[in-house]
Amino acid sequence: MNRQLKENRITALYCRLSQDDGREGESNSIVNQKALINEYARKSHFKNLRFFVDDGYSGTTFDRPAFREMEKMIENGEIGTVIVKDMSRLGRNYLQVGMYTDIVFPENDVRFIAINDNVDSAVQTEFDMTPIRNFCNELYARDTAKKIKSTFKMKGESGKHLTTNLPFGYIKDKDDKDKWLIDEPAAIVVRKIFDLCANGFGPLQIAKRLRAEEILIPTAYYAQRDGKLYERDPFNWDQKTVAGILERVEYLGHTVNFKTTSKNYKSKKRIQNPPEKQLIFKNTHPAIISEELFETVQKIREGKRRPTATGKMSLLSGKVICADCKSKLHYCTTNGFEARQDFFTCANYRSNMGSCSAHYIRNVTLCNMVFKHIKKMLVYVQQFEETFVRDQMERLDNAMAMSISKAKVDVVTLRRRDEDLNTLFKRLYEDMVSGRITAERFDMLAAEYEQEQKELKVKIAELEDLIENGETQTKDLKQLLANVRKYTDPQELTAQMINDLVDKIVVYAPDKSSGHRKQKIEIYYNAVGIIDLPTIKEDDCIALHGRCKGKKIAV
């Protein structure tokens, strides 16, 4: 590089400030950095001054817009000197800072100056403290990150909201930033999305419907609400956005903390925390979605149903099971099919190449059979609710009822024994230390107590599962009764009705032994399984056995 070009190169005055640096006071402010560096450059007679400023960026990462711009200009030979207030402004990752000061800058003939640290690459010193300063800056960043994480953890464990980005449908209270309020215009859209899903629409179908109705996407809605310009397509709903809304527990009025984490303080990438490491605090803000609707949607989402290539779906998709191989029956259709031609067939059939028979049944036939049975079930349960409940209770034999009652007593006794063993351990250890028993005797007794404690914990877990199962079944039965009351005189079968009432539909292979095609199906209702309807005629081809999915009900 000739002398003239070298003299005309830019002197880069670099400033950086993060939120953590701002806590140290005004000395690190961008205004102060600019004034200090500018005064130094002026007194030192540097020319072609140009500021590069990253305001709000951490020193642990070098992915900063102004720094990247400066780096590119250095590689192009446009910058001859880089001046910063101190080494920490360049960065707090000592390895990367060292790479720039020891490799990148020298290779590109760039002079580096850190004013307050008295660092100047053009001046040779007997003992260079720069690497030590870089390492100390990183220690500071590590310590700051640890303190922030500790504060963040305490706040999250107290049940306060950690997220700064509220779910679509909520807004912060102007007087209390920790308080969430319902943003009603957005909440209407959220409820619409949940209702559509409950009625059989998948995320892709919901997104298409929202686009067709020209409903604003969240970012466009926020821009309109805040009086800002949104230049992209404001109605471009994406199925991922819809799916994300359908999965958010916050719409029940609950706070979910620690949903994501990072591997270390240097990494900005967030990874999903497993459910057991997340904390949920119930009823911390107003709910937009009822628990009943939310659970219905989650159940639908668990058995995600892919639309066919035509976009058509059956109301029963995801609910129909093969009686022989227990696989789901696939819904089959084409653009050339009329509604009466759509059909279900076993997933393991595959044109006689699979491990099962076809179990073929037309969709319209199956829907009619199911709707006919549901209407009779609704009439029966609504008119004879007490009898129905009593029949379900009879399915829970006395031994089971007594075992649940006994389990509640046994759990208390076993927990008390577990606490007593902890006390015995302490006393046993004290006896060994004081010399009242030998170490060999201590080891033998301790091993016995440890084994007993392990067995206790297993028994307690088993009893708690038994109790919880009984309580869950009671809750499920009550929910089924509540759903039954919703449908007094249905005129058509709907996806909402199916999801509220039906657990699964088992289809048997057709029987042609009599010369006529007969096919048996079993309808398993939520919580109770197959319901015995004494008034149903045999020619309905629907099994009415007094089975209950192996479930035990207590009300």
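**Buried and exposed sites in the predicted model**

Cysteine 322 is buried, its relative accessible area being 0%. A search across the whole structure returns 0 disulfides. Cysteine 322 is accordingly in no disulfide, and the nearest cysteine sulfur, at 3.6 Å, belongs to cysteine 325. Cysteine 332, for its part, is partly exposed, with 22% relative accessible area.

Leaving aside residues up to four places away in sequence, glutamine 33 is in contact with Cys15, Arg16, Leu17, Asn28, Lys85 and Arg89.

Glutamate 214 sits in the loop that links α9 (203–212) and α10 (218–225). Its phi is near 55°, a positive value in a residue that is not glycine. Glutamate 214 is also exposed, at 53% relative accessibility; the label applies because exposed means over 50% relative accessible area.

Lysine 326 is found in the loop between β12 (320–322) and β13 (329–332). Here too phi is positive, at about 70°, although lysine 326 is not a glycine. With a relative accessibility of 60%, lysine 326 counts as exposed.

How values were computed: Residues numbered from 1 in each chain as written. Predicted model: local features only at pLDDT ≥ 70, side-chain atom pairs only at ≥ 80, totals over all residues. Heavy atoms only, no water. Contact = heavy atoms within 4.5 Å. Helix = DSSP H or I, 4+ residues; strand = E, 2+ residues; numbered from the N terminus. Buried < 20%, exposed > 50% of the residue type's maximum accessible area, 1.4 Å probe, protein only. Disulfide = S-S within 2.5 Å.
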